[in-house]
Each structure stands twice: as C-alpha cells, then as structure tokens.
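Keep the sequence and the 3D view open while you read.

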Amino acid sequence: MTLYHGSLEIVDMPRIREANRPLDFGTGFYTTTSLQQARRWVKLRMEQSNAKVGYINIYEYTPKKGLHTRRFRSANEAWVDFVHANRTIQDFNHDYDIVTGPVANDNVYLSFNLYESGIITKRELIRRLKTYKLVDQLLFHTEQSLLTLEYNGNKEVTL
C-alpha cells in the first residue's frame, strides 16, 4: 500500500516525534493514502512557516504480523472517544503500534470543539461527522511499526 507524508523536509528515515500539540491518535509518524491530503497538509505548513518548498514523501507500507493495530473504519463513537482522549487527557498514551482511521480536518475540528465544550452531544457530533467526506490517516506509534515503511522518494511542492 502506498502512503504519503507531507513535510517541509525530505523524510527518508521516518521517526517518532513528540508533538507540540495534541494529535488525533497521539505521538508518532502520520501518513495517509490520499495524495491530495498530503499536498494540502504540506501547503498549509509552507504557508504557516513562509517556506518556499515542501515535500510529499512516499512510502510503501507492508503489514507485519505481531504488531498491535487499531483500525477505526469510520468516525464512530469509539473513534470519538479515542481522539477525545488523545486531545484532552494529559499524558494519555495507548499501546498500539499502528492506528488507522479518519482524520479530523478543519470542519471536523469545529464540530469536535463544540462537543468538547459541551455544546453538542456525542450523538450529535457523530451525526455531523457523517456529513463530511473524511480522508484517512495512519499513525505509526512505535519504532517497530516504522520498520513496515519503505521510502520510495518524494514529490516537491511549491506555492
């Protein structure tokens, strides 16, 4: 399976990096099967940092038996609970090597913030999420999980 990672750097050796903010699935190396999502992400990062160039790094993912994997097939109650825990519980950590599921884009974050503020219920949040076309994300959370990725080059992105 081909995966993409948008970055301001060429990332030929993926690493687990501590995030400077809460992320959907926790700390790790994030990828997607969507080339458009990776392009949107790198362009956003370029605009935020005034960078002139960015990269869509390309990997081939080969699943490996024995890794502890969590798959969220949709933005359901379990996904909401997991993302909410990662975003709001200080020092929350899970024991999955790989986590896959929908990415909470800007539209989703607005609805998620309404839920976290107690303005809408979890049921209403999930109803709203069903109206969005969500792309996927794959988090590689452990060093062992990174061994399933083989770097296959990059595409340069300019604004």
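What covers the buried residues of α1? The cover includes β1 (2-7), β3 (53-61) and β7 (149-158).

## Basis of the model

This is a predicted model, in which local features need pLDDT of at least 70, side-chain atom pairs count only at pLDDT 80 or more, and totals for chains, interfaces and linings use all residues. Residues are numbered from 1 along each chain as its sequence is written, and side-chain values use heavy atoms, with hydrogens and water left out.

## Helix α1

Helix α1 spans residues 35-49. Helices are DSSP runs of H or I with at least four residues, strands are runs of E with at least two, and both are numbered from the N terminus. α1 has 15 residues and reaches 21 Å from its first C-alpha to its last. That is close to the 21 Å expected at 1.5 Å a residue (the expected span is 1.5 Å times one less than the number of residues).

Its buried residues are Q37, A38, V42 and M46. Buried means under 20% relative accessible area, exposed over 50%, and partly exposed in between, with a 1.4 Å probe and protein chains only. An α-helix has 3.6 residues a turn, so residues three or four places apart point the same way. After α1 comes N50, whose phi is positive, near 60 degrees.

## The open sheet

4 strands form an open sheet in the order β2-β6-β5-β4, with mixed pairing. Two strands pair if DSSP finds at least two bridges between them. β2 (29-31) and β4 (69-71) are the edge strands, and each pairs on one side only.

β5 (residues 98-102) and β6 (residues 136-140) are antiparallel, with 5 bridges. T100 has L138 as its bridge partner in β6, and P102 stands opposite D136 in β6. β2 also runs antiparallel to β6, joined by 3 bridges. There, Y30 has L139 as its bridge partner in β6. β6 is mostly covered: 4 of its 5 residues are buried.

H141 is found in the loop between β6 and α5 (143-146). Is H141 buried or exposed? H141 is buried, with a relative accessible area of 13%.

A polar atom of the H141 side chain lies 2.6 Å from the backbone oxygen of T27. The side chains of H141 and N93 make a polar contact of 3.2 Å. A polar contact is a pair of N or O atoms within 3.5 Å; within protein, one must be able to donate a hydrogen and the other to accept it, and residues adjacent in sequence count only if both atoms are side-chain atoms. Not counting residues up to four places away in sequence, H141 touches I16, T27, G28, N93, H94, Y96 and D97 (contact means heavy atoms within 4.5 Å).

The largest nonpolar core has 19 residues. Such a core is a set of buried Ala, Val, Leu, Ile, Met, Phe, Trp, Tyr and Cys residues joined through side-chain atoms within 4.5 Å. Residues with the most contacts inside it are F25, W79, V80, V99, F112, L125 and L129. The elements giving two or more residues are α2 (77-88), α3 (106-116) and α4 (122-129). α2 gives the most, with 4 residues. A second, separate core of 11 residues includes L3, Y59, F140 and L149.

In α2, the buried residues include W79, V80, F82 and V83. N76 caps the N-terminal end of α2: a side-chain oxygen lies 3.2 Å from the backbone nitrogen of A78.
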